[in-house]
Amino acid sequence: MIKKVAAIAASTMLALTVSAGTASARSSAPAGIQDWDNCKHGQACLWQGMNGLGGMEPVPWCNRVYNLSTLSNRVSALWNRTGGALDLWDGFDGTGEFLGSYPAYGLPVNVPVWINDRTSSVVGHC
Ligand SMILES: [Ca+2]
């Protein structure tokens with residue numbers, strides 16, 4: 001039992017180390033690129049985990065309000081590869097607190113800490 005706990009702790013530490021390394025050196029290191037690249041050009045994608053890890057959900061855009069289901073209150077990273085800005089909202093149907101807007105053809109990013117796990121709907125502009 002103790003060995004199992006130690007192994008889990010060790011693997012968690014490793015995951016955190018790898019994650020932090022990916023965040024700081026993403027532009028030059030290939031690690032994690034395959035996760036971001038699940039999002040295709042022309043899509044706006046949301047991830048449950050930071051650095052493009054975990055469950056991904058592409059969202060519709062072009063003047064669409066889209067309510068998240070499984071990723072509601074779980075979004076930690078996004079990549080807007082569409083031709084319009086992507087707005088994040090705390091509530092459903094583009095209501096509640098406005099959490100931020102991400103420009104067209106932007107970079108893959110982790111959302112700021114203050115909005116982590118808060119997005120419940122998105123509005124993709126044309
Ligand atoms: Ca929310």
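User: What is the mean pLDDT of the chain?

Analyst: This is a predicted model, and its mean pLDDT is 82. Of the residues in the chain, 73% reach 70 or more.

User: And where is the pLDDT below 50?

Analyst: That's residues 1-31. Beyond near neighbours in sequence, this stretch has ten contacts in the model.

User: OK, new topic. How many residues are in the largest nonpolar core, and which ones touch the most other members?

Analyst: There are 21 residues in that core, and C45, L46, W47, L78 and V122 touch the most other members. At least two core residues come from each of β1 (44-47), β2 (56-59), β4 (77-80), β5 (86-89) and β8 (121-124). The biggest giver is β1, with four residues. As a general point, nonpolar side chains in soluble globular proteins tend to be buried together.

User: Let's zoom in on L46. What is it in contact with?

Analyst: If you skip the neighbours within four places in sequence, L46 is in contact with E57, V59, L71, V75 and L78.

User: Now the open sheet of four strands. What order do they come in?

Analyst: The order is β2-β1-β4-β7, and the pairing is antiparallel.

User: Which strands stand at the edges?

Analyst: Those are β2 and β7 (109-110). Each has a single partner strand, so one side of each is left without a neighbour in the sheet.

User: How many bridges join β4 to β7?

Analyst: Two, and these strands run antiparallel. If you want to find one of the partners, look at A77: it is bridged to N110 in β7.

User: Are C62 and N63 buried or exposed?

Analyst: C62 counts as exposed because it has 11 C-beta neighbours inside 10 Å, and the cut-off for exposed is 12 or fewer. N63 is exposed too, with 10 other C-beta atoms within 10 Å.

Key: Residues numbered from 1 in each chain as written. Predicted model: local features only at pLDDT ≥ 70, side-chain atom pairs only at ≥ 80, totals over all residues. Core = buried A, V, L, I, M, F, W, Y, C linked by C-beta atoms within 7 Å. Buried ≥ 20, exposed ≤ 12 C-beta atoms within 10 Å, placed from the backbone. Contact = placed C-beta atoms within 7 Å. pLDDT = per-residue confidence, 0-100. Pairing = 2+ DSSP bridges.
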